Amino acid sequence: MRHSIVAGNWKMHKNAQETTDFLNELIEKLPSDKEVEIIVAPSFTNLLIAAKHLEHTNIGVAAQNMHQAEGGAFTGEISADMLTSIGTHIVLLGHSERRQYFKETDSILAAKADTALKHNMRIIFCVGEELKDRQNKQYQNVVYYQLKDALFHLPKAAWENIVIAYEPVWAIGTGETATAEQAQEMHKFIREQIEYQYDRDTAESVSILYGGSVKPENAREIFSKPDVDGGLIGGAALHPDDFIAIINAV
Ligand SMILES: O=C[C@H](O)COP(=O)(O)O
């Protein structure tokens with residue numbers, strides 16, 4: 001069901017002690033009355049620490065990636081079964097850094113989505129165009145094909161477990177944010193594509209998050225848009241006070 005979500009993607013930041021310190025501070029300072037789902041995505045090595053720390057809270061823990069195979073000779077990789085066996089039932093897939101640096105294609109991501117869903121995991125699936133696509137006015141086309149090639153083969157019921165994160169690549173870690181209007185335009189477009197592929201109820205039930213240089217200063221305006229259901233936060237999710245300020249902006 002569509003609802004507000006703020007997720008913090010820690011990327012390759014925070015060791016075990018830093019994870020513990022962050023979560024202690026987050027639990028201590030977090031307002032209890034916000035109707036927003038909160039998720040943190042630490043590195044693989046800190047997932048178990050996070051799961052144990054957050055056991056009696058309603059803060060969720062997500063992995064930043066997983067392999068599409070059930071198991072096998074894939075040195076350095078992590079399977080869905082490994083994640084769920086430590087209580088991690090949410091996974092980010094298709095982050096632009098995975099696409100760019102680790103050459104994850106839409107067909108690999110389709111296989112990852114299939115595997116995650118088979119293991120009853122929820123997926124936060126990232127899409128987003130590069131700067132050249134926006135300049136060439138191809139940004140909607142690019143995002144359409146990312147959705148179609150990785151997710152539109154799935155049955156309607158699968159969408160109960162999918163959250164979309166729109167992250168324009170040119171806005172990630174650059175300090176340059178999409179305007180609230182640009183975010184709204186794309187979020188509306190994404191919702192429409194889900195409606196055309198499935199139906200209106202499905203489209204209306206999907207939470208669509210914005211990511212890309214969200215900060216306490218700009219979060220409220222972006223989150224105020226009708227098709228923006230929250231954010232996937234990178235840099236500003238590394239500091240408890242900033243992360244909480246963004247949660248409060250929902
Ligand atoms: O997953 C998070 C996004 O890549 C956004 O990162 P950022 O907030 O540092 O721009």
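Two residues are in contact if their C-beta atoms, placed from the backbone, lie within 7 Å. All views show a predicted model, in which local features need pLDDT of at least 70 and side-chain atom pairs count only at pLDDT 80 or more, while totals for chains, interfaces and linings use all residues. Residues are numbered from 1 along each chain as its sequence is written.

**View A. Glu167 and His95, the recorded active site.** UniProt, in an unreviewed entry, places the feature "active site" at His95 and Glu167; such positions follow the numbering used here, feature names are shortened, and annotations may be inferred rather than shown by experiment. The two are spread over 73 residues of sequence, yet they cluster in space, with a largest C-alpha distance of 8.3 Å. Look for Glu167 in the loop between strand S6 (162-166) and helix H8 (180-197); helices (H or I, at least four residues) and strands (E, at least two) are DSSP runs, numbered from the N terminus. Not counting residues up to four places away in sequence, Glu167 touches Ser96, Cys126, Gly128, Ile172, Gly211, Gly212 and Leu232. His95 sits in the loop between strand S4 (90-93) and helix H4 (96-101). His95 counts as buried because it has 27 C-beta neighbours inside 10 Å; the term asks for 20 or more other C-beta atoms within 10 Å of the residue's own, with C-beta atoms placed from the backbone.

**View B. The shell around the ligand.** Here you can find the 14 residues around the ligand, of which Asn9, Ile172, Gly211, Gly234 and Gly235 come nearest; a residue is near if its C-beta atom, placed from the backbone, lies within 6 Å of the molecule. UniProt (unreviewed entry) places the feature "binding site" at Asn9, Trp10, Lys11, Gly173, Ser213, Gly234 and Gly235. Those positions are spread over 227 residues of sequence but cluster in space, the largest C-alpha distance being 14.0 Å.

**View C. Trp10 and Gly234, two of the recorded binding-site positions.** Trp10 belongs to the loop between strand S1 (5-9) and helix H1 (16-29). Leaving aside neighbours within four places in sequence, Trp10 is in contact with Val40, Ala41, Pro42, Ser43, Ala237 and Leu238. Gly234 lies in the loop between strand S8 (230-233) and helix H11 (240-248).

**View D. Strands S1 and S8 side by side.** S1 and S8 run parallel and are joined by four bridges. Ala7 stands opposite Leu232 in S8. From S8, Gly230 and Leu232 point one way and Gly231 and Ile233 the other way, and all are buried.

Methods: A residue is buried if 20 or more other C-beta atoms lie within 10 Å of its own, exposed if 12 or fewer, and partly exposed in between; C-beta atoms are placed from the backbone. Two strands pair if DSSP finds at least two bridges between them.
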